[in-house]
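Hi,

Here is the structure I said I would pass on.

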Amino acid sequence: MQTALQYCELTAQHRAVAQQYIGDIVQTAIGHRSDEPALIIFDTECPLAPLLADAYQAALPQARVIEISTVDNDTVMAAFHAQPAGALIVLIQSTHFRLDAYRLRVQLFAQGLKVIEHVHLARMVGDEAPRYLDALAYDADYYRGTGAALQAKIAAAPSARLVSSSGNVLHYACPLEPAKLNVGDYRAMKNIGGQFPIGEVFTEATDLEALSGRADIYVFGDTTFHCNFPPLPITIVVEAGRIVDVENSTPEFDAVLDKIRAVEGEIWVRELGLGLNRAFTRERTVSDIGTYERLCGVHLSLGAKHGSYNKPQFKRKDTRFHIDVFVDVGGGVWLGDENLYQNGLWQV
């Protein structure tokens, strides 16, 4: 847990911004009316958590509200079970609630509930809390339009290339898997909601062994799930879908690779994530890797684990690691012969 001295002071202006953005999430992304049933559960372990709780209460004035330190787990679970299908559950967590339920969001979805999760808020230190709030802005036209356009481009592309500013190129010498969207559009989906902030289109190679080349990594998720910013970009060398060499590495990056090798034997490169959230850039960062994952850019996953795509060489029970690394794509993201990423923005 970070100390209170490391947190940015959140002002009335920040509260007003949070109320605006949370209102848009509830009404537009989730499609939940203010008079429908809702349950808000939050903690007070960092300044951002109660601020978000207040914003949700403004958007959902009839919601039941529980500050989690005032009750036991049985009370919380009973509150979940008391909600009718279609109710909205909001979970606001400085770390991550330790409740009895395994994979809580899955269980809530099975109950027919809508779910919004905010996790690891205590990692938003220094000036990161306002950046986190900015990342909650929900521009439906941008997210849904850009997401659908990228999804269509991915479906039509015979191949792909990630080109770093240095000239290094990572080649996908095959089509990509049908892309999945995390853009706040649940109208055609059975389960409504997820973890916020949002903004991602993700896929991977149809043939993982068709991936080869070099890519420059400027941020990676370390063994504590925090963003690690090496002093110089780290170059990974990929052959047949696996990392075979690393240049300009750091002890922290070596520790990540060693951990994967110790369990999985080799280091596969799987997810190709196209982040859409314009609140995050290479300069405007946050410490939590799961939040920064949404930045308007590209990330890959290292390790054999990827629950969205089944590949014949993996048995799910044997896959353990999915470590996000962020690629310098200053030279573009090429789908076929078309560059879709220029000057830090998607061009579709």
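First, some housekeeping. This is a predicted model, where local features need pLDDT of at least 70, side-chain atom pairs count only at pLDDT 80 or more, and totals for chains, interfaces and linings use all residues. Residues are numbered from 1 along each chain as its sequence is written, and side-chain values use heavy atoms, leaving out hydrogens and water.

Helices (H or I, at least four residues) and strands (E, at least two) are DSSP runs, numbered from the N terminus.

Two packed helices are described by the angle between their axes and the distance between the axes. The axes here are lines fitted to C-alpha atoms, for helices over the stretch in contact, with angles from 0 to 180 degrees between N-to-C directions.

Start with helix 1 (residues 12–29) and helix 2 (residues 48–59): their axes are 8 Å apart and the packing angle is about 55°. That makes helix 1 oblique to helix 2 (angles under 35 degrees count as roughly parallel, over 145 as roughly antiparallel, 65 to 115 as roughly perpendicular and the rest as oblique). The two cross in a right-handed way; a crossing is right-handed if the near helix is turned clockwise from the far one by less than a right angle, and left-handed if anticlockwise. On the helix 1 side the contact (heavy atoms within 4.5 Å) includes His14, Ala18 and Ile22, and on the helix 2 side Leu51, Leu52 and Ala55 are among the residues. The contact residues split into 10 nonpolar, 3 polar and 2 charged (Ala, Val, Leu, Ile, Met, Phe, Trp, Tyr, Cys and Pro count as nonpolar, Asp, Glu, Lys and Arg as charged, and the others, Gly among them, as polar).

Helix 1 also meets helix 5 (residues 128–135), where the axes come within 9 Å and cross at roughly 25°. That makes helix 1 roughly parallel to helix 5, and this crossing is left-handed. His14, Ala18 and Tyr21 of helix 1 touch Pro130, Leu133 and Asp134 of helix 5.

**Helix 3**

Which residues of helix 3 (residues 73–81) are buried? They are Val76, Met77, Ala79 and Phe80 (buried means under 20% relative accessible area, exposed over 50%, partly exposed in between, with a 1.4 Å probe and protein chains only). Seen down the helix axis, these buried residues fall within an arc of 155°, so they line one face of helix 3; the arc is that of the directions from the helix axis to the C-beta atoms. The face turned away carries the exposed Asp74 and His81. Among the elements covering the buried residues are strand 1 (38–42) and helix 4 (104–110).

Thr291, in helix 8 (residues 289–292), is buried at 2% relative accessible area. Among the residues Thr291 touches are Met124, Tyr132 and Pro197. Pro197 sits in the loop between strand 8 (193–195) and strand 9 (200–203), and the peptide bond from Phe196 to Pro197 is cis, with omega near 5°.

Most residues other than glycine have a negative phi, and most peptide bonds are trans. Phe225, though, has a positive phi of about 65° and is exposed at 52%. Ala240 has a positive phi too, near 50°, and is partly exposed at 31%; look for Ala240 in the loop between strand 12 (234–239) and strand 13 (242–247).

Cheers

Conventions: Lists of a residue's contacts leave out its neighbours within four places in sequence.
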